[in-house]
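Please keep the sequence and the 3D view open while reading.

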Amino acid sequence: MWKKVVSCAAAGFLLASAPLPSALGGNAREAHAAANFNDVSSSFWASKEINFLHSKGIIEGYDDGSFLPNNKVTRAQAAKMILSALGEKEPTVSNDVFSDVKKDHWAAGWISLAKQKGIISGYENGTFKPEETLTRAQMSKLLVRTFEQEYDLSVKDDTVEPFSDVWINQEFRPYVSKLYQHGITTGTDSTHYSPYSSVNRAQFSVFLSRTIEPSYRVSSAENGGSSTTPPATTSTYGIVKTDSLNMRSGPSTSSGVVASLKRGTKVDYLGDQQGYWVKVRYNGQTGYVHKLYLKLKNEQGSSVANRVIVLDAGHGGKDPGASGNGVVEKELVLDIAQRVQKKLEAAGATVIMTRTDAATYPELKDRTDLAQSKYADMFVSVHTNSAPSAPSANGSEVYYDTSQNTNGSESAILAKEIQEQFVSLVGMNDRGTKDNDFYVVRNTDMPSVLVELGFLTNSGDAAKFKSDYYRNLFAEAIYLGIKNYYSL
Ligand SMILES: [Zn+2]
């Protein structure tokens, strides 16, 4: 995550990539104690970050010795702090910078430099609104655009974040996603980023410190995963999904029954998986239950972290599947499945693919056997429809099986969650969810669905399949459906 700074000769502290961590030690901290602000006590939640930035000369207090941590950050102040963190000095300006930033504005030099560096661009009407308070959305963009290179804020997939108020088409989403995945933000709570809220000086100090000093970042265990390190165990619990579930003293049906758990009972998940048996704790007692009758959930972080999910790209090799309008099913569904894989893995899930290239054709039994042998938590098969004699037929549908699948009712819930996303996010015609005993959803015991993305033979659906933008939306829809299923 830490990338050594090789440029920015002017950035004195940035160059100190080796000595920096030791400079943060206790002695160094005490050496700066005299410089603390009279309204930032050592127990203040952001005192460490505020004092860190102050020690680097990046932020200043007021003449009376205060810092006013709850004051809002204006756009002009943000420009100054960001550039100070880059080690820049304020240049003198001889011309007005924006129509509302005259050359004698207190921050004219900073704003001019930020504009010159491409960090800020102002509004379309030629103004900058320097005294307007900075929003959290604007802050995410500012931090990422300024520090992306020096501190390697790259991610596998910049659509991964857990916030319900950050949407796929919002301009700032990739920036929020990067900050989240690198442990720079955890949101205002676990499901909200509050993009249009203003930022105060304490909050800004924490964001900026975490950006330029990786040791201040929140560990991946707390934020649900990053692109570079697998997330540690989020505390996991299980909800009983059957009317009566025996908790046994050992991992087999021959072990004695310790307790009988009713549907909806919450148990602590202790792991120790042996086959389908897992260790749990309920009411102070520990024992083993069959994993297929538990829905595993996370107390915090991404709801999919640590779940084992099998993605099955339909067809392959000798079996191309359907085709139409220049699109071949086996190729399209592999691409979509791999996009889903990236999103799930970036959020901390373990993904098992039934095939990873276009040349391979796994038998249907091999696909379901793979899911069973890995004791997977979920199975999702990806297909497309075709109706050569009815080219107007279009839309998405999702299948599940209640005839043999042990988790038929859970499969139906998963199907509904994914279908809702196809309709609302991708704008597909809603063909609904359907109970049908297709081989792969019938011969699996975990929640299993088969999605039909749309019709290759329909020109409207096919146009979406040919578009990179829409392919990402289809993958996002499947990902969100899975994520929402585990949030229920
Ligand atoms: Zn198919």
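The crossing of helices α5 and α9 is right-handed, meaning that the near helix is turned clockwise from the far one by less than a right angle. The contact (heavy atoms within 4.5 Å) is made by Ala78, Met81, Ile82 and Ala85 of α5 and by Phe204, Leu208 and Ile212 of α9. By class, it has 7 nonpolar, no polar and no charged residues; Ala, Val, Leu, Ile, Met, Phe, Trp, Tyr, Cys and Pro count as nonpolar, Asp, Glu, Lys and Arg as charged, and the others, Gly among them, as polar.

The model is predicted: local features need pLDDT of at least 70 and side-chain atom pairs pLDDT 80 or more, while totals for chains, interfaces and linings use all residues. Residues are numbered from 1 along each chain as its sequence is written, and side-chain values use heavy atoms, without hydrogens and water.

The second topic is the zinc ion. His315 (NE2), Glu329 (OE) and His383 (ND1) coordinate the zinc ion at 2.0 to 2.1 Å. Donors are N, O and S atoms within 2.8 Å of the metal (3.2 Å for Na, K and Ca); water is not among the atoms, so sites may look incomplete. Along the chain, the donors follow the spacing H-x13-E-x53-H.

Terms used:
Helix = DSSP H or I, 4+ residues; strand = E, 2+ residues; numbered from the N terminus.
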